[in-house]
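Let's take a walk through this one, stopping at a few residues, the domains and the ligand site. Have the structure open while you read.

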Amino acid sequence: MGKILEMIDIYKSFGSVSVLNRIDFSVEKGEVRALLGANGAGKSTLMKVIGGVHSQTKGRVLLNGKEINFKNPHHSKESGISVIYQELSLVPTLTVVENIFLGREFTNGIFVNKKAMLKEYENVCNEFDFNINPYTITSKLSIANQQMIEIMKAISANSDIIIMDEPTTSLTNNEKESLFKIISKLKSMNKTIIYISHILEEVFRVCDSASIMKNGEMIGTYKVSDLTKLKITQLMTGNENHEIIEAKDYCYARYDEDPILQAKNLRTSKVKDVSFDIYKGEIVGLAGLVGSRRTEIINILFGIDKKEGGEILLNNKKVNIASPKEAISNKIGLIPEDRKNLGLILDHAIYTNSAAVQIDRFKNGIFVSKNKEIEFSEGGVESLGIKVNSVKQDVKELSGGNQQKVVVSKWLEKDLDLIIYDEPTKGIDIAAKEDIFKTVEKFAKTGIGVIFISSDLEEVIRISDRILVVREGAIVDELKNDGITVQDIMNSIFNVH
Ligand SMILES: Nc1ncnc2c1ncn2[C@@H]1O[C@H](COP(=O)(O)OP(=O)(O)OP(=O)(O)O)[C@@H](O)[C@H]1O
Ligand SMILES: [Mg+2]
């Protein structure tokens, strides 16, 4: 065996803020190592040191026993390291094959050798059972396929160490299975994989060992066979008595009043004649496979997709919602699945992001009061436990999970009739999920109707009063949440009765 990579006594600070402290971390050839920790623990930052994105403030890195200081991402790649970042880094306007070979194009003298690259692409596709047209413009691909392209890019670079930072967040179950196959194949080729995820089932499935971080420190490295879900949560949070999922003990649905929302025969090219009601204070889960078009249904309600038929009634009144702006003025809120494009402006401060959807509240006369925005934002940071140094920081400086929490915080205290959560716990650590659930409970308690989409069915059962099952853009079943199990929902999703 032998260690391929060793990080010794690593420190990293941004300005006066220290993010990594005294980290020792090493991996062997052919090992699949999980890197775990709560949101903001420092996982991505540690990997960015190996990826040549950040240089450590202090400490040494050895690659194959030789000291090395990665000067930039290119240097790291040349040294045999590929990183698939949490925030995808493909160029949207390039084709698939151009992205895969970006920065290491095959050439004939000075000319780019397209043929050779296509051949190589085909080889990798065959070997790893991929099939995505090499000429597709990357932005036209689904997020899941873009994630697959990132993975393929790392594979085709033939790196010795492949780092995957939350690689499955947008993948369907089938795509996850392909990824797991790829990982075992890479392992059999004696490659080293470092795998970051908040989904512990995946860790038990594919990893040999796990390193656990907490608050910028390395707690330790364990064999996966010596760990349990509970043990990992305890190590991550330092809390001995941590309960992973609390049972829901409330229902605020006002079934004796008229529904707050009535969707009647909604139709688009992807949504087939969908009708449902939501009552005041009711939490309705939408369950379905990734790709079942749950998001397409709620996109109609939020004015993102134009409906081709049907009507929407709020408080018994027909409303016309042709844009997100109109949705918001009709008291509908959305926490979108695609937070990078729809939920946040990364180059702006946390507080301007948090204040964005209810700006009127923060006005003194005609001017927006920065202090009021800051005060509101700090309230959200406090109640959701968002890890920040100051709300004046740019959102892009936050860890992935903490960015997600900022998206949720925008809607707190807003006067709403309906709020939609679309995969809100993506990238959220298991302990922090409870903070998101608490916001759902709070909204429901004040009479707001909630639509909750999650691919984690345990979570859907944990939170919903009623569950609508979605298949191919249609609602195919309705389940009352009175002791039903994940298996019951699965049966309905797959139409097994
Ligand atoms: N460029 C930066 N400037 C300032 N602080 C930063 C910067 N990048 C990261 N941080 C801080 O470093 C800490 C660790 O962040 P990191 O992204 O490594 O967390 P993580 O473990 O990957 O979390 P997650 O599970 O949420 O992705 C966070 O508090 C984050 O705000
Ligand atoms: Mg991260």
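## A strand residue: Val-83

Val-83 sits in strand β6, which covers residues 81-84. Helices and strands here are DSSP runs (H or I, at least four residues, for helices; E, at least two, for strands), numbered from the N terminus. Val-83 counts as buried because its relative accessible area is 16%; the cut-offs are under 20% for buried, over 50% for exposed and partly exposed in between, with a 1.4 Å probe and protein chains only.

Setting aside neighbours within four places in sequence, Val-83 is in contact with Gly-51 and Ile-163, where contact means heavy atoms within 4.5 Å. Pro-424 is 341 residues away from Val-83 along the chain, and 25 Å separate their C-alpha atoms.

## What you're looking at

This is a predicted model, so to speak of local features takes pLDDT of at least 70 and side-chain atom pairs count only at pLDDT 80 or more, while totals for chains, interfaces and linings use all residues. Residues are numbered from 1 along each chain as its sequence is written, chains are lettered from A and ligands numbered from 1 in the order in which they are written, and side-chain values use heavy atoms, with hydrogens and water left out.

## Two domains

The chain splits into domain 1 (3-237) and domain 2 (261-493), with bounds from an automatic or database domain assignment. Taken over C-alpha atoms, the centres of domain 1 and domain 2 are 30 Å apart. Across the boundary, 20 residues of domain 1 are in contact with 18 residues of domain 2.

## Around ligand 1

Which domains supply the shell around ligand 1? Domain 1 and domain 2 each give at least three residues. There are 19 residues around ligand 1, and Lys-43, Ser-44, Thr-45, Ser-399 and Gly-401 come nearest; a residue is near if one of its heavy atoms lies within 4 Å. Helices α1 (43-50) and α14 (400-409) each bring at least two shell residues, and α1 has the largest share, with three. By class, five of the shell residues are nonpolar, 10 polar and four charged. Nonpolar takes in Ala, Val, Leu, Ile, Met, Phe, Trp, Tyr, Cys and Pro, charged is Asp, Glu, Lys and Arg, and the others, Gly among them, are polar.

Now the polar contacts (pairs of N or O atoms within 3.5 Å; within protein, one must be able to donate a hydrogen and the other to accept it, and residues adjacent in sequence count only if both atoms are side-chain atoms). A side-chain N or O atom of Lys-43 is 2.8 Å from an oxygen atom of ligand 1. Backbone N or O atoms also take part: the one from Gly-42 lies 2.9 Å from a ligand 1 oxygen, and the one from Gly-400 lies 3.4 Å from a ligand 1 oxygen. Ligand 1 taken alone exposes 640 Å², and the protein buries 88% of that; these areas come from the Shrake-Rupley method with a 1.4 Å probe, and for residues only the protein chains shown count as cover.

As for α14, 10 of its 10 residues are buried, including Gly-400, Gly-401 and Lys-405.

Thr-138 lies in the loop between α4 (114-128) and α5 (143-156), and it counts as buried because its relative accessibility is 0%. A polar atom of the Thr-138 side chain is 2.7 Å from the backbone oxygen of Leu-94.

Ser-329, in helix α10 (residues 324-329), is exposed, with a relative accessible area of 59%.
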